[in-house]
Amino acid sequence: MKSYVIGVDLGGTKIATAVMDREGKIKGKNIELTQILGGPEVVIGQMIRMTRLTLSKAKVGLSQIKGIGIGAAGPLNIMTGIIIAPPNLPGWHNVQLIRPFQKEFKTPVFLDNDANAAALGEWKFGAGRGCKNMVYLTISTGIGGGIIIGGKLYRGTNYNAGEIGHMTIDPEGPLCGCGNRGCLEAHSSGTAIARWAREALSKDRRRRTGIVNSQQSIVNSPQRTKKTMDYGLWTKKKRQKIKGSGSLILELAKGDLKKVSAELVFQAAKKGDRKALEVVRKSAEFLGIGVANVINVFNPQRVVLGGGVTKAGSLLFKPVREVAYKRAMPALAKVVEIVPAKLGDDVGIIGAATLVLTEDRR
Ligand SMILES: [Zn+2]
């Protein structure tokens, strides 16, 4: 009996392959760095080699395999199996991905957007289990999404539905990677959190430098009077106080603004750093607005939030829930849960493998 499925998760940094049973249990997996410099041919060869390796690791024969699911960054065409031009795979233009796998393994192969695959995985085996209507958001360097309606992945007219990260939150907001202004991704992704923090820190730095300069000019001024000397002392104390209030984020980044990342911001926030807490709160509130919009449009039973940024836990979830429940229409807010994803780092491979189990794209 064909009791197993294969999941292949193609990322710009890593490739992961897994053999999974029909209950979502992983029997064997491999992770390697993507040989990105080799171009499509080398990377596809690597994916195939890893798949074979994982099969032998799991002690599963090809005859027991129902099919192979591949998750990759969009845009892509799930019907033709072509990857169009993903931003994380430079140099990939209209690459045929499923045919080499079909040829090698002689089994059905399915390709889908990695966020859609992850949504399916969470719905079938993770935090969305038992839901009829669910929306999944993955918040990491960018923000992706997948929509389950009536127990099926909603793919849209040309299979591109679920770009929740590119809904406009503020038309005059920051520029987004997609070219628009004010997308959710530009407000609440890991990249955005790091950017908010850098902006706040450099503003702070400018302000502090300004005070130090004015003090120097007073102290060094030839017309020093008692009054200005007192003022000089006051500013010295004040300067020390301000210096002491320099953010822990900058300390963790070893004083280098370029090294500020979302991870460091969360680390600092967990230790109570005021600036970090402000940044987290701000980006979480925007995410809450996005989630409220999603709730108002889809009336889901559950909104599942996954991706690296959600590892921040309640620091993120508390303000997101607060804002989302306040802004969503009461009748819809009443029935929805906003929950963390459950599959963790395996969501990519489990999601890809789930594509085979939920094949419904005719
Ligand atoms: Zn955008």
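Predicted model: local features only at pLDDT ≥ 70, side-chain atom pairs only at ≥ 80, totals over all residues.
Visitor: Which residues coordinate the zinc ion?

Guide: Donors here are N, O and S atoms within 2.8 Å of the metal (3.2 Å for Na, K and Ca), and since water is not among the atoms, sites may look incomplete. For the zinc ion the distances run from 2.0 to 2.3 Å, and the donors are His 166 (ND1), Cys 176 (SG), Cys 178 (SG) and Cys 183 (SG).

Visitor: What geometry does the site of the zinc ion have?

Guide: Four donors count as tetrahedral if all angles lie between 85 and 135 degrees. Around the zinc ion, the four donor atoms make angles of 105 to 122°, so the site is tetrahedral.

Visitor: How many residues apart in sequence are the parts that His 166 and Cys 176 tie together?

Guide: The donor residues of the zinc ion follow the spacing H-x9-C-x1-C-x4-C. His 166 and Cys 176 both lie in the loop between strand E11 (152-153) and helix H4 (185-188), so the pair ties together parts that are 10 residues apart in sequence. Helices (H or I, at least four residues) and strands (E, at least two) are DSSP runs, numbered from the N terminus.

Visitor: Is Cys 176 buried or exposed?

Guide: Buried means under 20% relative accessible area, exposed over 50%, and partly exposed in between (1.4 Å probe, protein chains only). His 166, at 27%, counts as partly exposed. Cys 176 has a relative accessible area of 8%, so Cys 176 is buried.

Visitor: Which helix gives the largest share of the lining of the second largest pocket?

Guide: The lining includes Trp 196, Glu 199, Lys 275 and Lys 282. Helix H5 (190-219) and helix H9 (274-298) each supply at least two of the lining residues. The largest share is six residues, and they come from H5.

Visitor: How many residues of that pocket's lining are charged?

Guide: Asp, Glu, Lys and Arg count as charged, Ala, Val, Leu, Ile, Met, Phe, Trp, Tyr, Cys and Pro as nonpolar, and the others, Gly among them, as polar. The lining of the second largest pocket has three nonpolar residues and no polar ones, and the charged ones number seven.

Visitor: How far apart are the end C-alpha atoms of H9?

Guide: The expected span of a helix is 1.5 Å times one less than its number of residues. H9 has 25 residues, so it should span 36 Å, and this agrees with its end C-alpha atoms, which are apart by 36 Å.

Visitor: Where is the cis peptide bond that involves Pro 75?

Guide: Pro 75 sits in the loop between strand E4 (65-72) and strand E5 (76-77). Omega is about 0° for the cis peptide bond, which joins Gly 74 and Pro 75.

Visitor: Is Lys 106 buried or exposed?

Guide: Lys 106 lies in the loop between helix H2 (98-105) and strand E8 (109-113). Its phi is near 50°, a positive value in a residue other than glycine. At 70% relative accessibility, Lys 106 counts as exposed.

Terms used:
Residues numbered from 1 in each chain as written. Heavy atoms only, no water. Tetrahedral: all angles 85-135°; square planar, octahedral: opposite > 155°, others 65-115°. 1 Å grid on protein atoms, 1.4 Å probe; cavity = no way out; pocket = protein on both sides within 12 Å on 5 of 7 lines; lining within 4 Å.
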